[in-house]
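Subject: Structure handover

Hi,

Here is the structure we talked about. My notes follow below it.

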Amino acid sequence: MSTAAPPIGHAGSPSAPHAAHAEHGPFAWIATVDHKRIGILYLVTALFFFSVGGIEALVIRLQLARPNATLVTAEAYNQLFTMHGTTMIFLVVMPALSGFANYLVPLMIGARDMAFPRLNAMSYWLLPFGGALLHFSVMTGGAPAGGWFSYAPLTETPFSSTPGTDYWILALLVLGIGSVATAINLIATVLTLRAPGMTMGRVPLFVWMTFVTSILVILAIPVLNAAIVLLFVDRQLDAHVFLASGGGNTLLWQHFFWTFGHPEVYILALPAFGMISEIIPVFSRKPIFGRAFVAASAVAIAILSFGVWAHHMFAVGLGRAADLFFVMGSMLIAVPTGVKIFNWIATMWGGSIRFTTAMLFAAAFLIEFVVGGLSGITFAVAPIDWQMTDTYYVVAHFHYVIFGGTAFALLGAVYYWFPKISGRLLSESLGKWNFWLMVLGFNLTFFVQHFLGVLGMPRRVYTYPDLPYWGALNMISTVGAFLMGLASLLLVVNVAWSLRRGKVAGDNPWDAWTLEWLTTSPPPHDNFAEVPAITGTRPLYDLARARAGAGAGAERVLDKGAVAVWTFIASETGFFLILILAYVFFDVTGTKSGPRAASVLDVTKTGAFTACLFASSFTLWLSERAEHRKDHAGVARWLAVTILLGGVFLVGQGSEYLGLFQRGMGVATNLFATTFFTLTGFHGLHVTVGLFALMIVFGLARGGDFRRRPSSLLRAVGLYWHFVDVVWLFVFSIVYLRAHV
Amino acid sequence: MTTWGVVASCWGLDPVAVAGCLAAAVAWVAAGRHGRGSARVRPLPFALAVAVLVLALLSPIGQLAEGYLFSAHMLQHLLLVLVVPPLALLGLEPILSARPNPRAARVVLRPVVAWGLGVGAMWLWHERTLCDAAAQNALVHRVQELSLLTMGTAFWWPILGPREGARLPPLGGVLYLFTACTACTVLGILITFAPVRVCSVFAHPVDRLGVMPLVRDGWGLTPERDQQVGGLLMWVPACLVYGVGILAVLARVFRDAEPDATATGSVTMTTTTEEVR
Amino acid sequence: MIAGPGAPAFDPHSPQARVLATLFTQTLVVCGVIGLLVTALVLTCVVRFRASKRPAEPPQTHGHRGLEVTWTAIPLAIVIGLFALAARAMAAADPPADRDPDVVVVGHQWWWEARYASGAVTANEIHIPIGTPVLVRVESADVVHDFWVPQLGRKVDAVPGHPTSIWLQADDPGEYGGACAEYCGAQHAWMRTLVVAQPAAEFAAWEAHSRERAPEATTDLAAYGEQEFRTKTCSVCHAVAGQNAPSSTAPDLTHFASRTTIGAGVMRNDAASLARWLRDPQTIKPGSHMPDLNLTEDEVTDLTAYLETLR
């Protein structure tokens, strides 16, 4: 774990700015661990991929401009929309939100950097790597063409034989690991590095929304990871998890994917809500209306988002009872969302509104997001979903949410925070052009798609017959798309021009109230010379009026290492939960032929190795006790025993695998074999990683380094090791004991 | 029998419910006699708790839960664990906060143990043998009802317990409820999609009340669909209750955000490392 | 190709579709009112609360509990109302299947196979008698498809290993266009379908005719074509009743000439189009499983003549 700058002290105890930290030279950006530079890297990368995904969209719209067009082939078209969706979600919106979170969260809470700056740099570099992996597929026989939700069995080898889908899987794994790492980092930052007096109830709403989003990320992404790992096993090892022809289950993919996919929608939307909640109050000159309600409704949305995935599957025929429950759950999301909208309007109401470009984007966001939300209600009403799902109506719906909502919030955020990032204001006159072109283009493009859906045009068709109105409406949509392209170009021009010629911003050009506006624009390496004691939700407002309030109270600071490991464990739990569910599912419903747990697994032998693993948790605990007593020899001794016991477990698992292979059982033998090997294999992998970590700790302890360093490393690795053992407790009970009881 | 007929006539005399109502009356009277100032029962949540208890145990829900419908059993189960205890705790808070916890309760009310009891209440009674026994044997059913109420009370204590200082800090509380919700969701999913009977009794009920034709044909509840509805009840509405709990906990976070807010009883994020663990 | 009057989703021709259209209209009205309300509120703010008309620092209100409760409770009430409407519509628009299906429709990459309980087999065009609900079981032979005829009712996914059912009913005779609505690979765009609703007697005649074998070839050209149908391996995938074994690999051609389209909607079914299709299927429907057989012009003429006899 890397070291982070400590939180900044109270007012009156200024800490010396680290002038020596100024970074120059060509590698300064590549080697940087500064949260602001990493944030900028995220934003620039997102802009780059936005142009890639945008050009893909324009080609798509050109092809659809007229019926029976032949601009691109069916195959190319299918790759285009798959890449467009995947790019926009995973390479544009998520990175752009990560970029703003990276840049702003430490500044907004009065910290010097993220909790783990080096982990932060790694998360960023996984992004270009993942993007490159995804696009490398083009050189291997074609980009993925399964759509962004890659429904099996279309994405299984029999129907997608080129490696496109494999690159899609690998890229998503890489990007997912990066997102989870960022989320863990953000959670640790928010929980442990807040300035004195800034309670969780006082953090800016953007920080709050980012915090809630990060929790969604660590819980949702592992579900996707587990699902795509299973798909990868299917594709690479000829298994049949999602192939009905081999006893697998097609719908399982859909359940898994949407368990991730619906929270993902809110991963894209919640930070945008946070941005809007910053922009609207500042330009209305009023505090956010019903702050607690805005914040709590985000949590309500986050919780509900995990319980409503099946509304993506109303057309599947899950049964009346299931449909009804998911109708109710999905509709309920409208309530907290509505609460937010009304609170934003109430914030504007009675204010003194300055219509800067940022505020214009925020106002347009309100209306467009409501349109997307209301068409979302029509999808929650299952019978309407039976008509409109998988048509252009749904395309219109989610673009109103993700573009009219999130992207408009992002554009507002660019205009709002650009002066802080660059030190110069973006041109307002170019900005107004940018805004009006974007509003016009966006609504032209997507509003007519509602009608296309109602007219019966399915989504994801590379061309369409010349039915009444279809051609005309599609043409309007295409014209709108090009206006959006033009508007995007204007933004780039504005950024390029303003970077050199823009009006110098000063510290606080908008007269805003959150901490990032306290420091210079752009902020120095260490962000702040000093941070005043925080007494309310608008520190600069309180500072200007010398408003005193409830003080810091007796806040105890959490250990960031512990926070990180616990959030990581939460994330891993989700991953193993899905693998265990897959195992249990096929164990109960799967084919009855071939090897089964009861017939091939030796519970006594594995029980012995299991005992070793559990004993290792105990010896590790003894080591931690020894550390507590400052008994350094004891630490090393018990660590050695732990490593030995862990090694014995791995050897045991290896011999078990060998025995199974010799009996002719491979990963693809049947679904029991596939899910058994995947589950125990991934557990074994975690044990291996844990062993390496223990060895590093052991080396440090032996080398004497440990006497000077805090024991947090031992505690962190210890937590992880105990977690791995607890997972095995479940695996052993469910796989081995259950079969023999 | 018609649906209205069932609603009108299928009421039973459940000793647990009667005892519960008696206890409620005693608590009310005792509080009224000794209560000074704020040490009174809060009437609204208290009355709601009693009403829900009656609904769960005496109404047709209680009757159908005894061997007829898995879904009715699940509804009763959820009301007893997730609705009655928090309402009762809210209602009784002023009285309870005036006296210390009994010594024996201290172990039970530790968050880890309480969480285990709350989630255990969900899982334990859906083990096949126990579930069947409770549906068939009146005595076991009484034990089940009592244990659900007790375990539910223990579960909600760290969140709604009478003394504010003894409650979990907000972050801990959110984690406590969210993990419980997850555990319930997993069970709900398993029950909903399980191809086998969770409680075999409900497949072939003994029709004491003569309502089976109505249930099977009128309401269209086949044994499969009945179990599905039960699983979904555990999954969606149960999670909503935990969700409301989470929102209630969060309300405390935002209480003293503004400088002009009164500074009394300042609740800040005092979560410690131990509590996060 | 099949021009329904107006928007199919709002042009119901069956009791089931009518329920859906009514519900859609009701929901859109509710949503429209909310949308207009929000827009009006935002625009009011834009007009009334511009900085130019207002003090530099307006009153700093932090919230209002009563308002919050109101705008939580009202949406909740609306949602509960919509839920009730939805639940009622679900029961009316999609009653459960309570008997064996009348037709089994199987989605293939990229065509629809239809097998009637009576033994009739066809592809891409489903004939139904008007006025009676027809129970359709929807299956898939490969990937996930979705059967959707908007004027007649709900769509339903064709999921491998998970058969589903819908009721298909039409009030009036006519042709109702539909399409595969779940992305299913290269030619998802051309996996259209047509439901032909006929008066009961007409339907009975069609069904009886469909169960008959293919007529004998009467002209020389057609006879050559029939021979080439076998030698050029067409018959490996395409069944023609009376001439080869039934097959589900490709559309049954026993009564091919009586159908309206070729290639699941990609072109009209007439002699000229058919010849083009035989010559170069991969240009017309790239990626489809109909291979380019490198036929000579004579072979194309013969095969066209033969296939045109399959009425």
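Which residue of β3(C) is the bridge partner of C:E113? The partner is C:A123. Keep in mind throughout that this is a predicted model.

**The sheet in chain C**

Strand β2 (residues 111–116) of chain C is joined to β3(C) by three bridges, and the two strands run antiparallel. Both sit in an open sheet of five strands in chain C, ordered β3-β2-β1-β5-β8. Pairing in this sheet is mixed. The edges are β3 (121–123) and β8 (164–168) of chain C, each of which pairs on one side only. From one strand to the next, the twist averages 25 degrees. As a reminder for viewing, side chains in a regular strand alternate between the two faces of the sheet.

**β4 and β10 of chain C**

Strand β4 covers residues 125–129 of chain C. Four of its five residues are buried, so the rest of the structure largely encloses β4(C). Its link to strand β10 (residues 192–198) of chain C consists of five bridges. Here the strands run parallel.

**C:M267**

This residue lies in strand β12 (residues 267–268) of chain C. Buried would need 20 or more. Neighbours within four places in sequence aside, C:M267 is in contact with C:T261, C:I262, C:S273, C:W277 and C:I284. C:A97 is 170 residues from C:M267 in sequence. In space the two are 35 Å apart, C-alpha to C-alpha.

**Helix pairs in chain A**

Two pairs to look at.

First, α1 (residues 35–64) and α3 (residues 117–136) of chain A. They pack at about 10 degrees, with axes 10 Å apart. That angle makes α1(A) roughly parallel to α3(A). The crossing is left-handed. From α1(A), the residues at the contact are A:H35, A:I38, A:L41, A:Y42, A:T45 and A:F49. They meet A:P117, A:N120, A:A121, A:Y124, A:L127, A:P128 and A:G131 of α3(A). By class, this contact has nine nonpolar and four polar residues, with no charged ones.

Second, α9 (residues 334–348) and α10 (residues 357–380) of chain A. The angle is about 160 degrees and the axes are 11 Å apart. Hence α9(A) is roughly antiparallel to α10(A). This crossing, too, is left-handed. On the α9(A) side, the contact is made by A:A334, A:T337, A:I341, A:W344 and A:I345. On the α10(A) side, it is made by A:L366, A:V370, A:G373 and A:I377. Seven of these residues are nonpolar, two are polar and none is charged.

**Where chain C touches chain A**

How many residues of chain C are in contact with chain A? There are 74, and they touch 74 residues of chain A. On the chain C side, α1 (15–48), α2 (65–93), β7 (156–158) and β9 (174–180) each supply at least two residues. The most come from α2(C), with 14. By class, the chain C side divides into 48 nonpolar, 16 polar and ten charged residues.

Best wishes

How values were computed: Residues numbered from 1 in each chain as written. Chains lettered and ligands numbered in written order. Predicted model: local features only at pLDDT ≥ 70, side-chain atom pairs only at ≥ 80, totals over all residues. Axes fitted to C-alpha atoms, helices over the stretch in contact; angles between N-to-C directions. Parallel < 35°, antiparallel > 145°, perpendicular 65-115°, else oblique. Left-handed = near helix turned anticlockwise from the far one by under 90°. Contact = placed C-beta atoms within 7 Å. Nonpolar A, V, L, I, M, F, W, Y, C, P; charged D, E, K, R; others polar. Buried ≥ 20, exposed ≤ 12 C-beta atoms within 10 Å, placed from the backbone. Pairing = 2+ DSSP bridges.
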